[in-house]
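Here is a colleague's note for someone opening this entry for the first time. Please keep the sequence and the model at hand while reading.

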Amino acid sequence: MSNIAAQRIQREFNEVIKSDEAQKFSIKLEMDGSDFRHINGEIAGPPDTPYESGNFKLEIKIPDTYPFNPPKVKFLTKIWHPNVSSVTGAICLDILKDQWAAAMTLRVVLLSLQALLAAAEPDDPQDAVVANQYKENRALFTSTARYWTTVHAGGKQLNPDFDKKIHTLLDLGVEKHQALVALSACDWNLDRALEQIFS
Amino acid sequence: MKVKIKKWTGVGTWSYKVDYDNCGICRQPFHGCCPYCKWPGETCPVVWGQCTHCFHIHCMAKWLKAQEPREQCPLCRQKWRYA
């Protein structure tokens, strides 16, 4: 790895550790062993959003050409959001692509991702199914996103109705995450979810 | 008492007149040099854009090359023009 990337990451680590956001446990960075190229990040779901009280893990890969090219970031924690793939965790965010600037830092990236959770861009989707639900049925999108936060990110809001539908599918031998994905994509309509799984 | 100066050596110091201490690209201080250089000073100068932001010349050159064909300031994203 080039000198500049390693030196900068070291400084950025110190910057994040000392930041107000880190003190409040709102963002976190951890190195994967001693390798500067692999970093684990974590952001707290912003308050007053369906992601509230959840903690979302991120995989951050630093290219050798950093900071002239952006870090590669994806969600490791499964999340229901129009700009994040519910399958792969890939993120659609301009500053991680063509709007990256060399003066940006990992702290800026983590805060921008938190802002993205608070304000989705459904017209520039990474997951078309989620984006469609966001636009067509906002209330259902919100409860689905909240449910995913509880199931995958340690959120605290329960939803007995969704639990029941998941269990109906589990009883039919469907795997848990597959059941969650199918029901979420089919607006929690059991018949449609069954059709999608068994067709 | 009369003192007769036989020999003297002048010492000068200089620093860049910058608004902030570190280069926004490499995060190293301007009174040092960029990570590619060994010595600060003439061989690793600071450059200013018309947007008033400044960087090590070598860092800026690398950024402009990485960003081709666009040329924007890494801080404010205005079109980069050397001041």
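This is a predicted model: local features need pLDDT of at least 70, side-chain atom pairs count only at pLDDT 80 or more; totals for chains, interfaces and linings use all residues.

1. Residues are numbered from 1 along each chain as its sequence is written, chains are lettered from A and ligands numbered from 1 in the order in which they are written, and side-chain values use heavy atoms, with hydrogens and water left out.

2. Chain A is assigned domain 1 (3–118) and domain 2 (128–198), bounds that come from an automatic or database domain assignment. Taken over C-alpha atoms, the centres of these two domains of chain A are separated by 27 Å.

3. In chain A, 14 residues of domain 1 are in contact with 20 residues of domain 2, contact meaning heavy atoms within 4.5 Å. The two domains of chain A bury about 1400 Å² between them, 72% of it on carbon and sulfur atoms; buried area is the accessible area (1.4 Å probe) that two parts lose on being put together, summed over both.

4. Between the chains, 17 residues of chain A are in contact with 16 residues of chain B, and about 1500 Å² is buried between chain A and chain B, 52% of it on carbon and sulfur atoms. On the chain A side, Arg11(A), Phe68(A) and Ala103(A) lose the most area to chain B, together 38% of what that side buries.

5. The rule finds one salt bridge across the interface of chain A and chain B, a salt bridge being a side-chain nitrogen of Lys or Arg within 4 Å of a carboxyl oxygen of Asp or Glu. Glu15(A) forms a salt bridge with Arg27(B), with the closest N and O atoms 3.8 Å apart.
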